[in-house]
Amino acid sequence: MIPINYYIALSAILFTIGALGVLVRRNPLIIFMSIELMLNAANLAIVAFTRVYQILEGQIFVFFVMTVAAAEVAVGLALIVAIFRTKHSINIDEMNNLKG
Amino acid sequence: MTFFYLAPWIVFFPVIGLLVNIIFGGRFSEKVIGMAASLASGLAFVVSVLLAYSLTQHPEAVRWTIGEWIHIGTLQLDWTFRVDTLSTTMMLVVSGVGTLIHIYAIGYMREDVRFKNDLKRFRRFFVFLNLFIAAMMILVGGDSYLMLFVGWEGVGLCSFLLIGFWYEMDTLGRPSWANSNAAKKAMIANRIGDFGFLIASFLMFWAFHSLQFDQVFQQAPAIAASNPGLITAITLFLLLGVTGKSAQIPLFVWLPDAMAGPTPVSALIHAATMVTAGVYLVTRSAALYVTVPAAQFIVAMVGALTALFAATIAVGQYDIKKVLAYSTISQLGFMVAGVGMGAFAAGMFHLITHAFFKGLLFLSAGSVILGMERGHHHLAHHSPLSPHPRPLSQGERGEGAREDAGHREEAFDPGDMRNMGGLRKTMPVTFWVYLTGALALAGVFPFAGFWSKDEILANAFSGGFSAVYWLLTIAAFFTAFYMGRQIWMVFFGKPRHEAAAKAEESPKVITIPLMVLAALSVVGGALNLPGVETLTKWLEHTVEFIEPGEFVMSVALTSTALALIAIFISWLLYGREPLKAGEADPLKKMFGPIFTGMERKWFVDEGYKALFIDRYVDITRFTADVIDWKFWHDWFHEKVIAGAYNWLSNVMLNRYADQRGIDAFFNGLGEWTKNAAAGLRRFQNGFVRSYALFVLIGVVAILGYLLLK
């Protein structure tokens, strides 16, 4: 059986990749994919721990997280479409109308 | 059988009478009101007679306590009535003469309220009269100086209320404040006297630790031996009280003005009873006075000087009641001189006979005035009792007061002797009783005044008070003269005014009390005839220091001769050739300036005004303008308080505390917030990724803290 540390490490690596992707990329679609990556890194960590502690609630939470991620992507993509319709661009750095 | 338990009823009966009139008087007719009041006073007289009868069985003083009053430490004062021969004598005089005057007042006030056109005041008058009787009974029946003082103030209040009875008019019924000013004058002059009484009471309490008569008198000889100055001070302060209440020099000025009250008041309060309270006080305090001969001498001199001084003024008066008022002051001077010399029985004797004949004279004068008013109304309206047009409404009063001086000549004065003359024919009953009273006052044998006045003169003569004797003898001469002058002017000659010609005699309710008093004025001397000395023996039980007076034939002959000479001179001047209307007084032709002095009361009122009233006004002006306005208002309030407050508020609170403290703090807070916001604004750059970076940094920081702590 694969030790838990491996799962944790993989989860951390995935999360880091996702976080960096959010920070450095300007394409909102890529940013969304990075967010999904972080969510899945968290899912992986939860599943790994539920296996260690032999409890099922964590696995149920993972389903919730996947559902929320799907909903989030639906809302997010709708937003991107709406933004594109008004600005004819989806460059994230041009969406700074609320700056102080 | 004794009736001492009835003692409190001498006060209760008049109080019940006045309560009945206050509560039910509105529904009573005038007759019933007057009867109720007279009955109350009459019952008090019956009680006094019963008390006097009891004293014949048991002559020692009886004290009858009806309630606790002040119990503080050793000071034990109760509502105690003291029934002894002295107080009972006063009770008899007060209630006896008082009852006659109550009856007379039923008739007098019936007409007075109609002439003055205010019927409702009839009841008020009798309430006041009964209140006076009650207060006077407390005064004479009290067993301590404090209870005496309660009555003393009570009668002073009644005097004030009754002098100002027609408070919104002058004596002739014109709108004016003259009557209320007279009432105030009486009140104020009496306040000065009361101040003396109070100081004397305080000193007494200090010296004797008591105000109860027996306790004070018991210790008097011992204290007088160790500290005669203290007793002298007490007696002289008491004398100040006496000069106020009994109208002696220097406080006599209120009594002539007090004639503004209705005539029964003048008779009851300002001739027969209240003004004799001072004489009673000195007699009651005999034990104190006999220990200090110097004070006795001063009392006697004050009395003698007053007697002469007032008698000279009486000569120059034209108002029938003013003559009697100054005569009263003069006779009170006789009494005060008498008791001052230690002749307590003589003083009390004169007090009693004076109550008879001066009450009689005043009441007869009232009858004369009413007769003149009837005559005047007969002329004016052909119906004697049709009222004056009502002189007063609120708005007019001030107006009238201002016009008062200007219109004085126009009003008819029913009391002015220059308007009278020949009343002997139109008012025969009044004439005869008046003549009786005048002869008694003049001291003609065998009327009451002869015996009592002579006893005082004899005491002065044989007691070594030669100055007092001569002053009083000259005063007696003037007394006979001014009474002769009055009789000739009022009742003889021809009427000097149509009103006098039409004057009408008074009804029986007025004349019957007059006849009773006239009879008493004739036989009153029998109370203390030389050799028999009934009154002296009666008073001996209470006042230990009484010596039976001796009858000095030379004194009696001198005074009678002087009286007859004075009456003869008055006949020469006023009787032989009666005064004609508008003619000047014959004395004025002879002694112009001196008579003017007498007529103008020796300018005492003007002198008092210049000396005291104007100075008092100056002081009040000074305190008002300088102390109050310039010092307190302008300097202290404006400069000190307002200035300090302005400095505090403008400089300290506004400039420093508010502007530099509070404002600075909150403005600084605002500035800082603005600056902080400007600083933080830079983070709000709109770049989603930079926000995400901050979130990441935050998460890393929190996790780092949690992991590494």
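The model is predicted.

H2(A) runs over residues 28–53, a stretch of 26 residues. From its first C-alpha to its last it reaches 37 Å, close to the 38 Å expected at 1.5 Å a residue. At its N-terminal end, H2(A) is capped by A:Asn27, which places a side-chain oxygen 3.0 Å from the backbone nitrogen of A:Leu29.

Several residues of H2(A) are buried, among them A:Ile31, A:Phe32, A:Met38, A:Ala41 and A:Ala45.

Chain B is divided into two parts: domain 1 takes in 4–389 and 413–605, while domain 2 covers 623–708. Taken over C-alpha atoms, the centres of these domains of chain B are 84 Å apart.

The last stop is B:Phe412, in the loop between helices H16 (394–403) and H17 (423–426) of chain B. Is B:Phe412 buried or exposed? Its relative accessible area is 14%, so B:Phe412 counts as buried, the cut-off being under 20%. Leaving aside residues up to four places away in sequence, B:Phe412 touches B:Leu172, B:Met372, B:His376, B:Asn419, B:His497 and B:Ala499. One of these, B:His376, is 36 residues from B:Phe412 in sequence, yet their C-alpha atoms are 8.1 Å apart in space.

Terms used:
Residues are numbered from 1 along each chain as its sequence is written. Chains are lettered from A and ligands numbered from 1 in the order in which they are written. This is a predicted model: local features need pLDDT of at least 70, side-chain atom pairs count only at pLDDT 80 or more; totals for chains, interfaces and linings use all residues. Side-chain values use heavy atoms; hydrogens and water are left out. Domain bounds come from an automatic or database domain assignment. Helices (H or I, at least four residues) and strands (E, at least two) are DSSP runs, numbered from the N terminus. The expected span of a helix is 1.5 Å times one less than its number of residues. Buried means under 20% relative accessible area, exposed over 50%, partly exposed in between (1.4 Å probe, protein chains only). A polar contact is a pair of N or O atoms within 3.5 Å; within protein, one must be able to donate a hydrogen and the other to accept it, and residues adjacent in sequence count only if both atoms are side-chain atoms. Contact means heavy atoms within 4.5 Å.
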